[in-house]
Amino acid sequence: MSKVVLITGASSGIGEACARAAVEAGHKVALAARSKDKLDALVSDLGADKALALVTDVTDPQAQERMFEQAVAHFGRLDVVVPNAGVGASARGTEAGSVESFQKMIEVNCLAVTYTAKFAMPHLRETKGHMVLIGSMAGYETMWGSVYSATKWFIRGYADNLGKELGEAGGRVTCLHPGMVDTAFFDEAKPDALRAEDIARAFIFAIEQPDHVRVPHMQVYPKDS
Ligand SMILES: NC(=O)c1ccc[n+]([C@@H]2O[C@H](COP(=O)([O-])OP(=O)(O)OC[C@H]3O[C@@H](n4cnc5c(N)ncnc54)[C@H](OP(=O)(O)O)[C@@H]3O)[C@@H](O)[C@H]2O)c1
């Protein structure tokens, strides 16, 4: 069955790859991010009948409310919501990190995900839909002073809590935990890392499970070399 999928952070990396894979698999996508030019290019690649660009800063709750209104006005419903937008920091640890980078990571990686989940809930309740959070291998490991890693521990726990709330309404929640993926998240190329398409395959696996199946967590890591 064709699903309507809303993805934040869809202008690059994992979000873009999930959007491409979803359309390839016959689904429709609402694509949110701040970069209008990248979203417009992606819509013209995927086809305006299958994709919609929604220029949104996820840290603005009102902008997220508008994003949901526009997506549902356009496609009529939402079956899958993916709060994927996320940021990291270049400095290692806490002492050397800037307060601004801590604020940004917690705002985008944690707070904005709670807004997405809140505004998604009534739509997913209606369709008994699916929320797919993007955690990280960093949410399973102890990483020297890392605030970023702690934001992903938040996502891992929050996914289980949301799973109870949406589960009660007949929906389901998956948390996908990628290991290192070669995306614009890093300033330099990561040739030994996963490709965004590796995560997109896992994403399609999770959302295409039959209705009675729930995949709460999926870890997708690079093979040990
Ligand atoms: N790469 C990895 O190794 C890795 C591993 C594990 C988990 N992850 C997680 O995977 C997710 C995607 O990361 P990625 O690797 O694909 O990185 P990426 O290529 O840098 O993509 C990040 C996306 O987030 C969007 N974004 C950032 N701030 C935003 C904001 N305020 N409002 C709306 N959109 C915003 C960016 O779009 P705009 O700039 O256009 O707004 C972009 O589309 C993140 O949650 C990240 O923590 C990544």
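L31 stands opposite A53 in β3, strands being DSSP runs of E of at least two residues and helices runs of H or I of at least four, numbered from the N terminus. The model is predicted, so that local features need pLDDT of at least 70 and side-chain atom pairs pLDDT 80 or more, while totals for chains, interfaces and linings use all residues. Residues are numbered from 1 along each chain as its sequence is written, and side-chain values use heavy atoms, without hydrogens and water.

Strand β2 (residues 28-33) runs parallel to β3 and is joined to β3 by five bridges; two strands pair if DSSP finds at least two bridges between them. An open sheet of seven strands has the order β3-β2-β1-β4-β5-β6-β7, with parallel pairing. β3 (51-55) and β7 (217-220) each have a single partner strand, so one side of each is left without a neighbour in the sheet.

Helix α2 (residues 36-46) lies across β2 and β3, at about 175° to β3. Contact here means heavy atoms within 4.5 Å, and axes are lines fitted to C-alpha atoms, for helices over the stretch in contact, with angles from 0 to 180 degrees between N-to-C directions.
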